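Student: I would like to learn how to read a pocket and a helix crossing in a model like this one. Could we go through them in turn?

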Amino acid sequence: MPETTQRADMAAPAQGSTRRLAVTLPIVLIVSLFFLWGIANNLNDILIAHFKKAFQLTDLQSGLVQSAFYFGYFCFSIPAAIFMQRLGYKAAVVAGLCLYGLGALLFYPASEAAEYNFFLAALFVIASGLAFLETSANPLIVVMGDPATAERRLNLAQSFNPLGAISGVIIGRQFILSGVEHSDAELAAMSAVEQQGYYQMELGAVQMPYLVLAAVVIVWAVLVLITRFPAVASKPLPGELGAGKLSDFKGLLVHKYFLFGVMAQFFYVGAQVGIWSYMIRYGQLAVPGTGEKVLAGYLTISLVAFMVGRFVATALMGRISPAKLMAVFALMNVMLCAVAMLSPNQMGLYALASTSFFMSLMFPTIFALSVKGLGSLTKAGSSFLIMAIIGGAVLTALMGWISDLSAINYAMCVPLVCFVVIGLFGLSAPKRLSSD
């Protein structure tokens with residue numbers, strides 16, 4: 001065999017491996033983002049219980065964790081889409097990771113200053129970064145690779161999000177919640193110096209987890225920046241998803257079912273965020289004497305049920321229309337919320353944790369039903385539906401206010417009403433959508 005031919009044969013496998021790595025590495029980096037923002041989202045559920053104790057907050061005040069967070073999403077959803085359109089997917093991902101990392105780093109000075117508002121500002125910055133990531137990562141997964149396997153890639157990426165959510169709760173349970181819960185009498189018996197030391201210890205617990213998270217996110221930003229991505233990642237193709245034109249937003253006003261969908265999405269996000277945010281707080285009332293770490297375990301189980309529910313719902317959609325299935329799931333959650341509201345005991349806690357299973361299909365189903373048939377208005381419609389997550393900010397605060405006026409179990413009337421609205425949205429789906 002001639003020497004040149006032998007060299008070519010030896011080089012071919014190496015070149016093939018290099019090409020596979022060049023395609024695989026960018027996908028791995030972007031798929032990992034779904035895991036990273038899942039962590040940030042559900043660490044908030046731990047922070048609500050933690051800050052309530054460390055700052056001696058009311059339920060309304062502790063719920064402002066989610067208000068600050070989801071207001072960040074609301075403010076930056078459309079700017080992120082415009083940024084992505086002008087500078088490309090990759091630039092939007094890097095910008096989002098940098099903001100995410102900056103917000104996590106701000107937890108250190110916020111803890112040192114012992115200022116609750118400082119923490120809220122840090123959460124707003126994190127959420128602004130996540131708005132960039134969520135706006136860019138989904139379409140980037142679709143366009144980066146073989147179009148024939150785009151759906152498979154996106155489903156794979158989405159499966160990492162609940163894993164991140166579960167990991168966020170576990171991290172918070174292990175490294176933020178101390179398990180030390182003094183009664184009012186015990187706190188009153190402490191000297192001012194002892195109280196200050198206790199509160200400072202609790203606030204200091206958030207520093208290391210968020211510093212580690214910041215380090216991981218910033219390293220990820222550098223990896224994305226230096227990795228060679230397909231050309232489409234740096235310059236979106238004409239017609240890619242964006243914010244839409246002003247005339248498109250006006251055109252949506254005549255689509256009554258779409259507007260109902262935006263309202264349903266608002267109520268869904270409010271219900272989901274509110275239930276997860278106050279599950280530990282509910283457990284403290286329902287099962288007195290149960291430690292915060294044990295109650296965080298119920299939240300973890302609830303998130304696992306959410307992940308399982310997505311697989312079950314996907315299988316059932318092969319036999320039942322998505323709209324009808326969502327209406328049935330919403331009815332189940334109305335009943336579960338009623339049990340949690342009227343029976344604040346162990347059974348009520350089980351009922352509240354079980355709602356996650358039935359919530360699992362709601363966000364994507366509401367989204368798909370709302371934009372179906374919009375045609376050229378789909379871009380603007382998608383932006384409206386993403387902005388509807390402001391429900392997480394508004395309704396979580398409302399639940400905290402109701403809890404302060406009465407008790408946390410009565411605050412479950414808010415998600416109960418939310419699921420009624422979602423059920424009506426499913427039942428009112430036009431036949432052409434309901435049968436798809």
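Student: How do the residues of the lining of the second largest pocket divide into nonpolar, polar and charged?

Tutor: Rolling a probe the size of a water molecule over the atoms shows where empty space is left. On a 1 Å grid over the protein atoms alone, a pocket is an open set of points where a 1.4 Å probe fits, with protein on both sides within 12 Å along at least five of seven lines, and lining residues have an atom within 4 Å of a point. Here the lining divides into 6 nonpolar, 5 polar and 6 charged residues, where Ala, Val, Leu, Ile, Met, Phe, Trp, Tyr, Cys and Pro count as nonpolar, Asp, Glu, Lys and Arg as charged, and the others, Gly among them, as polar. This is a predicted model, in which local features need pLDDT of at least 70 and side-chain atom pairs count only at pLDDT 80 or more, while totals for chains, interfaces and linings use all residues. Residues are numbered from 1 along each chain as its sequence is written, and side-chain values use heavy atoms, with hydrogens and water left out.

Student: Which residues lie nearest the centre of this pocket?

Tutor: Lys 52, Lys 53, Glu 181, His 182 and Gln 284 do, out of 17 lining residues. Helix 1 gives the largest share, 4 residues (helices are DSSP runs of H or I, at least four residues, numbered from the N terminus).

Student: At what angle do the axes of helix 11 and helix 18 cross?

Tutor: The axes, lines fitted to C-alpha atoms over the stretch in contact, with angles from 0 to 180 degrees between N-to-C directions, cross at roughly 50 degrees and come within 7 Å. The two helices are therefore oblique to each other (angles under 35 degrees count as roughly parallel, over 145 as roughly antiparallel, 65 to 115 as roughly perpendicular and the rest as oblique). By class, their contact (heavy atoms within 4.5 Å) has 8 nonpolar, 6 polar and no charged residues.
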